[in-house]
Amino acid sequence: MEEYYSYVKSLHLIFVITWFSGLFYIVRLFVYQIEAAAKPSPEKEILQQQYKIMTYRLWYIITWPSGILASLFAFLLLYINPGFLQLPWMHVKLGFVFALYLYHIKCHQIYKQLQNDEIKHSSNFMRLWNEGATIILFAVVFLVIVQSAINWIYGVLGIILFSVIIMLGFRFYKKIRERNQS
C-alpha cells in the first residue's frame with residue numbers, strides 16, 4: 001500500500017485545493033447575493049436568481065464533493081502511515097481540520113438561508129467571514145511544512161496582521177469612495 005502513498009497524497013492535495021477554492025468563492029457569491037437584495041426590481045430578481053444557480057452549482061458540484069474526497073484521501077493517508085497520528089503537529093492540524101468542517105457546515109447553513117431568500121448577515125460580515133478559511137488554510141499549510149506544533153503560530157499571526165491591514169485599507173478606500181460620490 002505504501003507504493004501508492006504519493007498518488008494518494010497528490011489526490012488529497014488536489015481536492016484540498018478545490019475544496020478551499022469552493023469555500024473562498026462561495027462566500028464571495030454570498031456577498032454578491034446579499035448586495036443584490038438591495039437592488040431595485042427587476043435587477044434584484046434577475047441577479048438573485050442567477051446567484052442562486054451559481055451557488056448551487058459551486059456548492060454541490062465542486063465544494064461538497066471536494067471536501068468529501070479530500071477527507072477520504074486524508075483518512076487513507078493516515079491508514080497508510082498511522083505514525084502521523086503520534087506527531088504533535090498533526091494533532092494541531094487535525095484541530096484546524098475540525099474547524100474547517102465547522103466552517104464548511106456554517107457556510108452550508110448560510111447557503112440554505114440565501115437559497116430561501118433569508119438574509120441574516122451583512123455583506124461586510126461575509127467579507128470578514130471569508131477570512132476564516134484563509135486563516136485555517138495558512139495554519140494548516142504552515143503546520144504541514146514546518147511540522148511544529150508551535151512555530152505555525154508565526155504564519156497565522158502574519159496572515160491575521162495582513163488581514164487587519166487589508167481591512168483597514170478597505171475601510172479607508174470605502175470612506176474615500178463615499179466622499180467622492182457625495
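A: Let's start with K120, which counts as exposed at 55% relative accessibility (exposed is over 50% relative accessible area, buried under 20%, partly exposed in between, using a 1.4 Å probe and protein chains only). K120 pairs with E118 in a salt bridge whose closest N and O atoms are 3.8 Å apart; the term needs a side-chain nitrogen of Lys or Arg within 4 Å of a carboxyl oxygen of Asp or Glu. E118 itself is partly exposed, at 34%.

A quick word on the ground rules: this is a predicted model, where local features need pLDDT of at least 70 and side-chain atom pairs count only at pLDDT 80 or more, while totals for chains, interfaces and linings use all residues. Residues are numbered from 1 along each chain as its sequence is written, and side-chain values use heavy atoms, leaving out hydrogens and water.

Searching the whole structure turns up three salt bridges. Another one joins D117 to K52, with the closest N and O atoms 2.8 Å apart. That pair ties together distant parts of the chain, 65 residues apart: D117 sits in the loop between α3 and α4, K52 in helix α2 (residues 43-80). Helices here are DSSP runs of H or I with at least four residues, numbered from the N terminus. K52 is buried at 15%, whereas D117 is partly exposed at 48%.

Then there's R127 with E35, whose closest N and O atoms are 3.0 Å apart. This pair also links distant parts of the chain, R127 being in helix α4 (residues 123-146) and E35 in helix α1, 92 residues apart. R127 is partly exposed at 22%, and E35 is partly exposed at 31%.

Terms used:
Helices (H or I, at least four residues) and strands (E, at least two) are DSSP runs, numbered from the N terminus.
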